Amino acid sequence: MYEGKFAGHLATLLAAGLLVAGSVSAAEPLVGGWRNLHSANGADPMRRDVPFAVLPRAAAKGDRFAILDRESRRVVCCLVVESERLDAIALETRYRLPGVWIADLSGDEAYNRRRGEPHIYEMARVDELVDYAYSDAPEAYSDMGGLLLPADAGMDAAGKLTLGATGYRLQFTSLPFADENGALDRYTLQAGDGAPALVVDVPFSTY
């Protein structure tokens, strides 16, 4: 699925995992990634358009998050935590996700040893996100996933993110996989106070 969204060559990123990079302090804003996924072909019952969050630390059922619509330069609320924490077995048996998408969400062993086991949750769309219209430009894909932010996050006209009282400069890069079967999107949030940047990697594997 989703062929034609990405192109190019770059080695080493085939199993990067959708995670926040670096050590994470509980005092930092809880930011992560999300993916909009559906069951593998032939699954019964077929589940379509299920949003999943991947976070660097725990969230509770009912916690609310906003997403970044990158093409429209907007923060949109909300995705709400709908499940308990999910592991790879649950993603396979309960949701019948393809293996490459399970790897996108859960990362590989080496990556998780460096950065910590991800916290994966099924999410539910509420409020503006229930019927939200994303950009229909040919290269737009924010409806497939991206950056997940605290529910009170905002973005100004210049593209600066606000998380609580702190403003962050946002940098985005997309790194194609070597085999062209997807890409890794990287969001870097840099505060102006010299604190370490928050980095979120969101892989988009195809199958």
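Author: Two strands pair if DSSP finds at least two bridges between them; strands (E, at least two residues) and helices (H or I, at least four) are DSSP runs, numbered from the N terminus. The model is predicted: local features need pLDDT of at least 70, side-chain atom pairs count only at pLDDT 80 or more, and totals for chains, interfaces and linings use all residues. Residues are numbered from 1 along each chain as its sequence is written, and side-chain values use heavy atoms, with hydrogens and water left out.

Reader: What makes S2 and S3 a pair?

Author: Five bridges join S2 and S3 in the antiparallel sense, and pairing requires at least two. Trp-34 stands opposite Ala-53 in S3. S2 also pairs with strand S7 (residues 145-150), antiparallel over four bridges, with Gly-33 opposite Leu-147.

Reader: Why is strand S2 (residues 32-37) called mostly covered?

Author: Six of its six residues are buried, that is, under 20% relative accessible area with a 1.4 Å probe, protein chains only (exposed is over 50%, partly exposed in between). Gly-32, Trp-34 and Asn-36 point one way, and Gly-33, Arg-35 and Leu-37 the other. In a regular strand the side chains alternate between the two faces of the sheet.
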